[in-house]
Structures are given as structure tokens and as C-alpha cells.
Amino acid sequence: MAKKNKAYITTPIYYVNDEPHIGHAYTTVVGDVLVRYHRQKGDDVFYLTGTDEHGAKIAESAMKSGLDTQEFCDMTAAKFQDAWKTLNISNDYFIRTTNKDHKEAVSKIFQTFHEKGLLEEKEYEGMYCVGCEKFLSERDLVDDKCPDHKREPESLKEKNWFFKLEQFLPKIQELIEKDEIQILPVTRKNEVLSLIKEGVMKDFSVSRQKTSVAWGVDLPFDDNQVSYVWVDALSNYITSIGYPDDMDKFNKWWPADLHLLAQDILKFHAIYWPAFLLALDLPLPKTLFIHGFFTINGEKMSKTIGNVIKPQELVDKYGVDATRYLLLSQFPFGQESDIREDHFVERYNADLANGYGNAVARVTTLIEKNELKIELDKKTDWLDSLGKHYSNYRFDLVIKDIMSRLQELDGYITEKAPWKIEDQDVLTEVLGKASNELWIVSQALLPFMPNIAQQVLDILEAEQIKKAPPLFPRLEN
Ligand code: MSP
């Protein structure tokens, strides 16, 4: 038997100081559509998501909530897990960075860096934004404040362990230029290369004095310091698949085929992460895909503005499958864009209520009424033709092709007007063709709408096709 292709796909691990919103949902649904597509093709898939639970920002949020820090993390991590359950996310594992196994692995990774002489103790002084979990430079500030968090950064001065990044930069540049680690879209690859060439990437601090931040992984070689954020966070991609203790499992999945992320964390994934992996003598991930940050009705999503959309609100309004579909059909994957609620409703009515839902209702109602026996031919070649869009991460084009096929079907039904056909053989032929079309379209929709597309497939594949229940009730705009 031919060896199966494997696909190891990850999302960022989300900070637990925030509750799941549609920004997180977007990346996670994209990954889920991809892994479902791969599973459908018969590939061996590992889909990873999880939560990033250490750092000052999280300790601060926990303090405000009045809960113990770990309890606070448990509570928010559970919210992410619930949200992904609601959205029918089929992750194979959910990593939490406060897991014992992960912390032990991080400690070992630090030990390796230390033994290899890649860490250096230095005095650190800088402007630190707790909201971003990173040091800002002058040019990041607007009116002396972090533009994202509208607060002044704290001045921080202390002895930290620095990771010697600079020595890895020429190698990383070469690997990125040669696409050994492919950074998509290409504009993002160029951004990363300019960062390296401009010389702004410096050795950076990877630890904190416990007196300033205690919520982190203990360093094995320094009792006074804890790990600080990026070694801990990025290494989730390898600790989740067994590194360093279960190397059989690890070697089965590593290198990652795809890390999904938005541009906010590009630098960490495209520069820090390859450096850590080179330091550990591990292969680099094959592809990073960086999608855009979207705004909501033209504004940045923020608690202050009060326009944060939670996945549950969308699910309550559109249902799970339509929410997944609508999130991905808004704009080409990778572009920076705006999400508009009125577009959601329009799209829902056009593609799902009047499109797919209506076609399924018309065809199945007529078949039931006339008690016709339908044989499906189950031809899948058209499905293969969607593969090129998936390879280009153009989910919008997959959707577009599916919708044009549905429109053709609609035209066919209108033209043949089966409700007027009296000859049973002719009627069987027309509705048989329509059923085959619905079957192939439902197969193509499975990764996007796993429940409803499967429901339609079950109806079509039954001994006797029965009228489908209402799938997508029309919504008022
Ligand atoms: N914990 C770090 C990531 C560590 S990965 C090793 C982090 N967490 S986060 O909670 O801030 O998540 C950022 C990610 O959430 C983005 O990269 C993106 O995947 C997703 N998004 C959050 N808001 C978004 C938008 N408004 N638009 C698109 N994606 C968004 O950074």
C-alpha cells in the first residue's frame, strides 16, 4: 500500500487572558477546514491548537479576576475548549503550556540552549508593554503609548538570560530565501527578509527575574529566573507531539507541514522559531501561512470599543456550519480585510438559504413525492480539481467553485422544470442528475460544513430519498 501523506497543521496557541473571539475562531476554523480536507483525501493528519498560559499579562488578568493564577488559566482554557467544541473543531490535541509535560520539556530545551552556550546573561533595559508581552521600540509608540493597548510601556531593567539570535540570522535568511521554510504570502516573506537585512533583529531576552514575573517555567540552571514567553510558547509545536521524550511520535509528525498565524506574530514564527529549532538541531517547519488581521465593521476589534464578536453569538444566529462557512467566505485568505455583519446575512441568504438549502429542498421534496429510486454515480473527479485552490490556500476560490456548480444546478432545475414532468423515467433522469450534483457539492462542502453536508449526504445515500428538513432558515437583514 502506498505510504499515506501526512499533514501536521497548527494554529497559534491563544493567550488565556482573553476569551475566544472570532479572530481566534477564524484561524482555528481555517485549520479545521484544511485538516478535514486532508482527512477526506486519506492523509494522516495531526491538528494542534491550544492555549498560551504564562507571562505577566496573564498573571495580571488572574489577579484582577480574584482567582488563583492556575485556576484562572483553567477557567479560560476551558472556554477555548468549549468554543472549539461548539465550532466542531477536530483538533487531535489541545496543548496547554501549564501542562506538566510541556513545562518539563521546556525546561529541557532551556538546558540544551544553556549547555550549547546559546544563552548569555545580560542587563536588560527596555520599554515593555504588558498587553503585547513584548518590548517596544521608540518607533512602535504613538504618543508615548502602545498603539494597541493605549497604555504607556513599563520601563524594565534587570539581569536576564539572552538567546544569542544574531549568530543564526545568516542561516535563517538563506533558508527563507531558498523557501526551505516557505513563508506565504510572499509579501510576508519579503517583510521578514527585510527585518533580517535591516539588522533590527538582536539577541533577545528569554527569561525574567522571579521578583518581576513569577508565572513561567522554572529555569533548570538558575533558581532566580523563569522562562519568558516565546521559548515556552513556540516550543508547544514540538512538545505536543512528544519532544523530547517520545521521539518515535515526534519523528512521525515533525516537521510541521503548516503553521497558521496572523501577521501580529510573524517575527516570532519566522525568525525566533527557526533559530530555536536550529539550536536544537531540528528540521524547520515546511510552511508558515500568515493571514491578515481583520477589523469588524471598519474598526479594530477591542474590548474598549465593545465590538468583540464571540463565536457563540454567530453560532446562535447562523448555526455552527454556516458560521464556519461565513467566516471563510468573507475575503481571500491572507488579505487584510474587514468583516461586516450585513455581509454575513447577505451571504447566508444567498449561498445557503436560497442556494444550497433551497436546491436540496427542491430536489429531495420532488423525489419523495414521486417515490423515485435514485442511483448515485458518486464521481469524484471534480473534487480533485479543487485541490489546486487548497494548495494555494484559496478557500474563497474553493467556495466560489462550489457556488458556481450550485448555480448551474439551479439553472438546470429551472430549465427542466421537473415539477411539470409527468414521464417517470424522464423525471428520474432529471432528478438523478440533480441528486448527483448535490452529492458532489456536499462532498466538497464537508470540510466547511461537516454536519449539514453529511446530513445531506445521508439523505441522498439512503435507500429511499426523503424530503430534507429545513437546513438554513432565511434570515431578515
Ligand atoms: N500566544 C500568542 C501566540 C503564541 S503561538 C506559539 C498569541 N496569542 S493571541 O491570543 O494573541 O492570538 C493571536 C492570533 O489570534 C493571531 O495570530 C491570529 O491567528 C488570531 N487573531 C486574533 N485576532 C485576530 C483578528 N482580528 N484577525 C485575524 N486573526 C486574529 O499571539
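**Ligand shell and nonpolar cores**

In this predicted model, strand S1 contributes four residues to the shell around the ligand, which is the largest share. At least two residues of that shell are supplied by each of S1 (6-15), H1, helix H7 (230-234) and helix H8 (236-239). The residues around the ligand number 23, and those that come nearest are Ile13, Thr27, Asp52, Ala262 and Asp264. Asp264, by contrast, places a polar side-chain atom 2.8 Å from a ligand oxygen atom. On its own the ligand has 680 Å² of accessible area, of which the protein covers 94%.

The largest nonpolar core comprises 93 residues, and within it Tyr356, Phe395 and Phe472 touch the most other members. Helix H13 provides 11 residues of this core, the largest share. Residues up to four places away in sequence being left out of the count, Phe395 touches Val30, Val33, Leu34, Leu328, Phe333, Tyr390 and Phe448. Another core, of 72 residues, lies apart from the largest one and has Tyr8, Cys73, Phe163 and Leu266 among its members.

Helix H18 (residues 450-461) consists of 12 residues and reaches 16 Å from its first C-alpha to its last, close to the 16 Å expected at 1.5 Å a residue. Buried positions in H18 are Pro450, Ile452, Ala453, Val456, Leu457, Ile459 and Leu460, and their cover includes helix H1 (22-41), helix H12 (320-329), helix H13 (341-369) and helix H17 (424-445).

Key: Residues numbered from 1 in each chain as written. Predicted model: local features only at pLDDT ≥ 70, side-chain atom pairs only at ≥ 80, totals over all residues. Heavy atoms only, no water. Expected span 1.5 Å × (residues − 1). Buried < 20%, exposed > 50% of the residue type's maximum accessible area, 1.4 Å probe, protein only. Contact = heavy atoms within 4.5 Å. Core = buried A, V, L, I, M, F, W, Y, C linked by side-chain atoms within 4.5 Å. Near = heavy atom within 4 Å. Polar contact = N/O pair within 3.5 Å; in protein donor to acceptor, adjacent residues only side chain to side chain. Areas by Shrake-Rupley, 256 points an atom, 1.4 Å probe, with all protein chains shown as cover.
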